[in-house]
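Subject: Structure for you to look over

Dear colleague,

I am passing on the structure below, together with some notes on what turned up when I went through it. Please read the notes with the coordinates open beside you.

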Amino acid sequence: MSCPAQATDPGAPADITDACGRTVSAVLVGSTDTPNPVTCNGTRVWTYRYTACDGTTTADWTKTYTITYSGGLTPPTNTTATVSCPAQATDPGAPADITDACGRTVSAVLVGSTDTPNPVTCEGTRVWTYRYTACDGTTTADWTHTYTIDDNIKPTGSNPAPTNVKCIVDVPLPNVNVVIDEMDNCGGQVVVTLFNDSNNAGLGCASNPYIVARIYRLTDCANNFTDVTNTITVIDDVIPSITCPDTRTKVLNSTCKYTLEDFTSLATVSDNCGGTPTVTQSPAVGTMYMGEQTVAVTLTATDDCGNMNSCTFNVVLEDNTPPPFDRLP
């Protein structure tokens, strides 16, 4: 049988007749457990004794129960849960006590946890196992709690601080280190990569201001990602440098006329962003002048971004041709 409680008093055996034909009834002596007491497996022997009329002659009758637990165990229903991070897949704690086939209370004991993959560093499963063990030490039943670790939460990060520069050539190269506050909900590593760079203006001045939108992608171990934008504003508001030539002296032709020349190549110019400013002249090349006078010539330098600066120098017109001489008759 399976339970000690089933090894009950079998009741007295049948009466017998002694040598003189008298009826003798058996009387209960009691029971003996091995081990004592029997709480699980063992034996229980019930003894009844016949005693003859002389009070000393006896004979015992026994009923022996062999108790072997065979009822099995029925654990509670296994449970499941979904979490985002391995650190959240913690020991769920022991399930409720159960009762074995003999009515005894059985408590579960932690066996441990199993990760797939092993170890789980990002996504996977973690199974916690508790084991119920019957009184015989060999009959067991397991209860499990399975965590599905599924991280679908994007990492966080703010847009890097905007940057202002004067020249496109000063736009810094992409650098993932400009993103400094990236964070993963599970505390894991966030990989920062350059996703898109709108800077394709070369060394020129595409517009003023010229906006570079540089997108960095923050990716966690589960390939969740967040994009942040580093804005770089290029505003060239620095006028170019221009130096005019010194005063120029020009001699009128024989008709006392002078045609204004092109002096733009005589200007010394430079641009803060390394470009070559365009130089224009006023009055325009080819303007005609008559007689001695001083002409103020303005040279204007214009850089690629439309910034302008001017300087002025004088062109002095001289008449070095002597007047005609008529001889008297």
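N223 counts as exposed, at 60% relative accessibility, and in this predicted model the residue is found in the loop between β14 (210–219) and β15 (225–234). Its phi is near 65°, a positive value in a residue other than glycine. C256 likewise has a phi near 65°, again positive in a residue other than glycine, but C256 counts as partly exposed, at 26% relative accessibility, and is found in the loop between β17 (248–251) and β18. As background, most residues other than glycine have a negative phi, and most peptide bonds are trans.

A cis bond joins T34 and P35, with omega at about -5°, and P35 has its place in the loop between β3 and β4. Another cis bond joins N118 and P119, where omega is about 0°; P119 is placed in the loop between β9 (108–116) and β10 (124–133).

Three strands form an open sheet in the order β3-β4-β5, with antiparallel pairing. Because β3 (26–34) and β5 (58–67) stand at the edges, each with a single partner strand, one side of each is left without a neighbour in the sheet. Neighbouring strands here are turned by 20° against each other on average, with direction ignored. Between β4 (residues 42–51) and β5, which run antiparallel, there are 10 bridges, and the bridge partner of Y48 in β5 is W61.

Leaving aside neighbours within four places in sequence, Y258 is in contact with residues including K250, L252, F263, M288, V315 and L317.

Not counting residues up to four places away in sequence, T259 touches G286, T287 and M288. The C-alpha atoms of T259 and G187, which are 72 residues apart along the chain, are separated by 79 Å.

Which kind of aromatic pair do F263 and F313 form? The count of aromatic pairs comes to 3, and F263 and F313 form one that is edge-to-face, at 5.3 Å centre to centre and with 85° between the planes. F263 lies in the loop between β18 (257–259) and β19 (268–270), whereas F313 lies in strand β23 (residues 308–318), so the pair ties together parts that are 50 residues apart in sequence. Both F263 and F313 are buried.

Finally, there are charged side chains to inspect beside aromatic rings. R217 lies over the face of F225, at 3.9 Å from the ring centre, and K63 lies over the face of Y65, at 5.6 Å from the ring centre.

Definitions and conventions: Residues are numbered from 1 along each chain as its sequence is written. This is a predicted model: local features need pLDDT of at least 70, side-chain atom pairs count only at pLDDT 80 or more; totals for chains, interfaces and linings use all residues. Side-chain values use heavy atoms; hydrogens and water are left out. Rings of Phe, Tyr and Trp (its six-membered ring) pair if their centres lie within 6.5 Å; planes under 30 degrees apart count as stacked, over 60 as edge-to-face and the rest as tilted. Helices (H or I, at least four residues) and strands (E, at least two) are DSSP runs, numbered from the N terminus. Buried means under 20% relative accessible area, exposed over 50%, partly exposed in between (1.4 Å probe, protein chains only). A charge sits over a ring if NZ of Lys or CZ of Arg is within 6 Å of the ring centre and within 35 degrees of the ring normal. Contact means heavy atoms within 4.5 Å. Two strands pair if DSSP finds at least two bridges between them. Axes are lines fitted to C-alpha atoms, for helices over the stretch in contact, and angles run from 0 to 180 degrees between N-to-C directions.
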